[in-house]
Amino acid sequence: MKIIIRSAKIIDSKSPFHNQTIDLLIVDGFIKKIGKSLPNPDKIEELKLDNLHVSQGWFDSSVSLGEPGFEDRETIANGLEVAAKSGFTAIALQPNSFPIIDNQAQVNFVKNKANGFATQLFPIGALTKESDGKDMAELFDMKNSGAVAFGDYTKNLDNANLLKIALQYVQDFDGLVIAFAQDDKIKGNGVANEGVVSTRLGLKGIPDLAEEIQIARNLFLLEYTGGKMHIPTISSAKSVQLIKEAKAKGLNVTCSATVHHLVLTDEKLEGFDTRYKVTPPLKTESDRQALINGILDGTIDLITSDHNPIDIEHKKMEFDLAKNGTIGLESAFGALMTVLPLETIIDKFTIGKAIFSISNPIISEGEIANITLFNPEGASVFTKENILSKSKNSAFLGTNLKGKVYGIFNQGKLILG
């Protein structure tokens with residue numbers, strides 16, 4: 001495929017063309033030429049879009065797709081199309097399917113299902129067999145098959161010794177352990193953030209301590225063992241501080257925050273709408289501001305949509321009984337543009353590839369064309385018509401968004417929304 005992308009403003013701090021508005025000639029999946037007003041004597045296809053901006057391809061470090069086992073929620077094929085049209089050239093797939101992705105065969109299955117798509121799928125292998133927290137899964141075999149990290153999604157590993165052994169074991173092959181933090185006993189039957197809102201609504205609360213005590217424990221283990229740890233979807237001000245202090249000590253720890261925790265607060269629970277029931281729960285405005293500050297000062301390394309499709313039967317229930325989770329790919333960029341600077345968003349959407357040991361070519365001549373196309377201007381309201389996922393459980397319905405994602409170019413394919 002040959003195409004000239006016209007008048008694109010490059011947002012890539014590592015590129016020599018950063019902040020320049022230029023043309024890109026892409027041939028057979030590589031950036032052949034970059035310059036102003038590139039000639040086109042052969043009349044190859046040209047792409048011109050309003051206020052077009054281009055960055056390195058975006059990466060989402062936490063995506064659930066259902067398949068295998070929960071295809072009614074989402075399939076790999078449709079999920080990768082949704083990701084592409086939402087601006088993501090790569091996603092890390094959570095292992096929370098049925099069966100759990102806890103062995104070489106399951107890693108190969110999801111990778112084979114993803115062949116041929118513009119958005120690349122990188123599996124996260126389960127840290128423990130069946131994600132039950134009892135026995136370590138086949139980490140080395142999964143790594144050899146293409147797993148980029150190991151974790152049990154939103155399941156906290158209660159067994160501290162097992163986490164210690166895993167952190168020691170993966171160092172032999174430079175593996176990354178994902179340690180979700182929420183103490184199940186402190187959480188108890190809680191369904192919402194413990195505070196003014198949960199008290200007013202009569203909802204059982206989950207104290208911040210449930211997250212923070214596990215982060216502190218996990219960081220102590222990392223300090224003892226060495227290795228690499230990623231703490232996903234942190235949500236409280238104290239959690240940000242704990243990780244900031246750990247980084248100052250020199251620990252090899254990274255962390256993420258979700259789009260919904262950066263944009264929304266527990267005030268959204270006033271109507272008992274289960275679309276806002278997520279893990280960890282939405283927090284207070286002061287926590288949200290602490291997360292924003294953590295993004296801006298570099299404590300929080302990346303932002304994830306934590307895209308988790310849930311079928312309507314498990315969302316249209318009493319708040320206490322409904323499953324946790326929201327979809328988020330389609331609304332991620334537009335929602336973040338209402339609270340963060342553009343270059344910060346691009347940085348947090350691209351730096352994750354390095355953390356997960358995934359190649360991320362810069363925008364330069366001779367490099368693989370792995371790019372996201374978008375317009376940072378313009379306002380809209382997110383509606384059901386904007387949802388491309390099979391499941392419709394979006395916490396952002398009715399929310400004001402800024403900007404527009406056009407699509408991606410990756411794997412030699414142009415995908416436009």
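Which helix and strands each supply at least two residues of the lining of the second largest pocket? In this predicted model, they are helix H11 (332-336), strand S16 (371-381) and strand S17 (400-410).

**Pockets**

Let's stay with that pocket for a moment. The second largest pocket has a volume of about 400 Å³. It is lined by 15 residues, and those closest to its centre are Lys85, Glu330, Asn386, Lys404 and Val405. S17 gives the largest share of this lining, with four residues.

The largest pocket, for its part, has a volume of about 690 Å³. Its lining counts 31 residues, of which Tyr153, Thr154, Asn308, Lys323 and Asn324 are the closest to its centre. Here is how the two linings divide by residue class:

| Pocket | Nonpolar residues | Polar residues | Charged residues |
|---|---|---|---|
| Second largest pocket | six nonpolar | six polar | three charged |

**A helix pair**

Two packed helices are described by the angle between their axes and the distance between the axes. For helix H7 (residues 209-225) and helix H8 (residues 237-248), the axes come within 9 Å and cross at roughly 10 degrees. H7 is therefore roughly parallel to H8, since the angle falls under 35 degrees. On the H7 side, the contact is made by Glu211, Glu212, Ile215, Ala216 and Leu219, while H8 brings Lys238, Ser239, Leu242, Ile243 and Ala246. By class, the residues of this contact are six nonpolar, one polar and three charged.

**Backbone details**

Most residues other than glycine have a negative phi, and most peptide bonds are trans. A few places in this model are worth a look on that account.

The peptide bond from Phe98 to Pro99 is cis, with omega near 10 degrees. Pro99 sits in the loop between strand S7 (88-93) and helix H2 (104-113). Another cis peptide bond links Thr279 to Pro280, with omega about -10 degrees, and Pro280 belongs to the loop between helix H9 (259-263) and helix H10 (285-296).

As for phi, Asn51 is not a glycine, yet its phi is positive, about 50 degrees. You will find Asn51 in the loop between strand S4 (45-47) and strand S5 (53-56). Ser357, also not a glycine, has a positive phi of about 60 degrees and lies in the loop between helix H13 (352-355) and S16. Asn51 is partly exposed at 33% relative accessibility, and Ser357 is partly exposed with a relative accessible area of 49%.

**One buried threonine**

Thr344 is part of helix H12 (residues 342-350). Its relative accessible area is 18%, so Thr344 counts as buried, the cut-off being under 20%. Leaving aside residues up to four places away in sequence, Thr344 touches Ile295 and Leu296.

Terms used:
Residues are numbered from 1 along each chain as its sequence is written. This is a predicted model: local features need pLDDT of at least 70, side-chain atom pairs count only at pLDDT 80 or more; totals for chains, interfaces and linings use all residues. Side-chain values use heavy atoms; hydrogens and water are left out. Buried means under 20% relative accessible area, exposed over 50%, partly exposed in between (1.4 Å probe, protein chains only). Contact means heavy atoms within 4.5 Å. On a 1 Å grid over the protein atoms alone, a cavity is a set of points where a 1.4 Å probe fits but cannot get out, and a pocket is an open set with protein on both sides within 12 Å along at least five of seven lines; lining residues have an atom within 4 Å of a point. Grid points are joined across faces, edges and corners, and a volume is the space filled by probe spheres set on the points. Ala, Val, Leu, Ile, Met, Phe, Trp, Tyr, Cys and Pro count as nonpolar, Asp, Glu, Lys and Arg as charged, and the others, Gly among them, as polar. Axes are lines fitted to C-alpha atoms, for helices over the stretch in contact, and angles run from 0 to 180 degrees between N-to-C directions. Angles under 35 degrees count as roughly parallel, over 145 as roughly antiparallel, 65 to 115 as roughly perpendicular and the rest as oblique.
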